[in-house]
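Hi everyone, thanks for coming. I'd like to walk you through one structure today, starting with the spaces inside and ending with a sheet.

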Amino acid sequence: MRIGNLDGRMVLLTAAGAVDVARASDGRFGPAPQSGYDRWADLAAWAAAAGTLDAEPFDVALLDAPSPVPRQAFGIGLNYGDHAAEAGMSVPRQPSVFTKFPSCLTGPYGEIEVPPDSHTDWEVELVAVIGTAARHVPEARAWDHVAGLTVGQDVSERKTQLSGGAPQFSLGKSFPGFGPTGPWLVTPDELADPMDLELGCSVNGVQMQKSRTGHLIISVPRLIAKLSAVLTLLPGDVIFTGTPAGVGMGRDPQRWLAPGDELVSWIEGIGEMRHRFVAPAAGA
């Protein structure tokens, strides 16, 4: 199943187009995309049994974040060995966890403002979205709690992130628009191997990152086990699982995103996002 947020309404995406869930289910499910995660098992069962549904062509520019207002949004740092090396840091034995404040989340297409005098960086990531609440979940059962996977960018303003006596990861990674996800959510059973997907990104057509999620130090199931041992993961929560090498901060010379740059991010079997970076509006 592929589920999306089309102009604020929950849709199923098929080869023929988009199926509006609220209308196709005669109101059994509401139109709000976030509401689907609170009834994920029912929604998945209905979609599997629904048979042929009327689908309509749609404008991809109207797609928004698959989980637009999660109660919790997690980021995982240094989860690829090559990224830890380019950052000059050791590989952590436990997940290095921070928060991306949910207000930074945005959709798979559109514009993102670059803060003035910033060092704004890219970080393509696999994002897991929780389908059913998870607390003390063993690694072997973790996929049972995953609604699906999507593409994410953990956009980071490095000056803010690294300022002060202690790093400000959550602030530096939560400027408006700094958490794009999309273009839709893909359930794990749609993928030949959800544990090993190629991912990458380019800036202005030049490839910056390319790797495979099979190189994650702490896999999606293990992340869910580790996080749920401490807190309850809630339906719709998003987990940015970490980025591979190739970020701007790790280059020589360093490279930062600037107004006019186009960032394209993709993951095998899921899809692609496109964002244009712009200067802040006058007076903002």
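Before we look for holes, let's agree on a word: a cavity here is a set of grid points where a 1.4 Å probe fits but cannot get out. A pocket, by contrast, is an open set of points. And please keep in mind that what you see on screen is a predicted model.

Okay, so how many cavities of 30 Å³ or more does the structure hold? One. The space in the largest cavity comes to about 40 Å³. Who sits around it? The lining is made of Ile-3, Gly-4, Met-10, Pro-33, Tyr-37, Trp-40 and Pro-66. Sorted by class, that gives six nonpolar residues, one polar and no charged. If you're wondering about the polar one, Gly is counted among the polar residues in this scheme.

The largest pocket has about 270 Å³ of space. It is lined by 14 residues, and those closest to its centre are Ala-18, Val-19, Asp-20, Arg-23 and Glu-56. Strand E2, residues 9-14, strand E3, residues 17-20, and helix H1, residues 21-24, are the elements that give two or more residues to this lining. Which of the elements gives the largest share? That's E3, with three residues. The class count for this pocket reads eight nonpolar, no polar and six charged.

On to the second largest pocket, with a volume of about 220 Å³. Here 18 residues do the lining, and Leu-78, His-83, Met-89, Gln-161 and Phe-169 lie nearest the centre. At least two lining residues each come from strand E5 (73-77), strand E6 (96-99) and helix H5 (158-161). By class we get eight nonpolar, six polar and four charged residues.

Let's stay with Leu-78 for a moment. You'll find Leu-78 in the loop between E5 and H4. Its phi is near 55 degrees, which is a positive value in a residue other than glycine. Is Leu-78 buried or exposed? Its relative accessibility is 15%, so Leu-78 counts as buried, the cut-off for buried being under 20%.

In that loop between E5 and helix H4 (81-86) you'll also find Asn-79. Asn-79 counts as buried because its relative accessibility is 1%.

Asp-7 belongs to the loop between strand E1 (2-6) and E2. With 59% relative accessibility, Asp-7 counts as exposed.

While we're on the backbone, let me show you some cis peptide bonds. One of them runs from Gly-182 to Pro-183, with omega near 0 degrees. Pro-183 is part of strand E13, residues 179-186. Another cis bond joins Asp-252 and Pro-253, where omega is about 5 degrees. Pro-253 has its place in the loop between strand E16 (238-240) and strand E17 (262-267).

That brings us to the sheet. Quick reminder: strands of a sheet pair through backbone hydrogen bonds, either parallel or antiparallel. Here, five strands form an open sheet, in the order E8-E18-E17-E14-E15, and the pairing is mixed. Strand E8 (109-113) and strand E15 (206-212) each have a single partner strand, so they stand at the edges, with one side of each left without a neighbour in the sheet. From one strand to the next, the twist averages 20 degrees.

Let's walk across. E8 and strand E18, residues 271-278, run parallel and are joined by five bridges. For example, Tyr-109 has Arg-274 in E18 as its bridge partner. Then E17 and E18 run antiparallel, with six bridges between them. Trp-266 stands opposite Glu-272 in E18. The hairpin of these strands, E17 and E18, has three residues between them, and Gly-269 there takes a positive phi near 80 degrees.

Finally, strand E14, residues 198-203, pairs with E15 in the antiparallel sense over six bridges.

Key:
Residues are numbered from 1 along each chain as its sequence is written. This is a predicted model: local features need pLDDT of at least 70, side-chain atom pairs count only at pLDDT 80 or more; totals for chains, interfaces and linings use all residues. Side-chain values use heavy atoms; hydrogens and water are left out. Two strands pair if DSSP finds at least two bridges between them. Helices (H or I, at least four residues) and strands (E, at least two) are DSSP runs, numbered from the N terminus. Axes are lines fitted to C-alpha atoms, for helices over the stretch in contact, and angles run from 0 to 180 degrees between N-to-C directions. On a 1 Å grid over the protein atoms alone, a cavity is a set of points where a 1.4 Å probe fits but cannot get out, and a pocket is an open set with protein on both sides within 12 Å along at least five of seven lines; lining residues have an atom within 4 Å of a point. Grid points are joined across faces, edges and corners, and a volume is the space filled by probe spheres set on the points. Buried means under 20% relative accessible area, exposed over 50%, partly exposed in between (1.4 Å probe, protein chains only).
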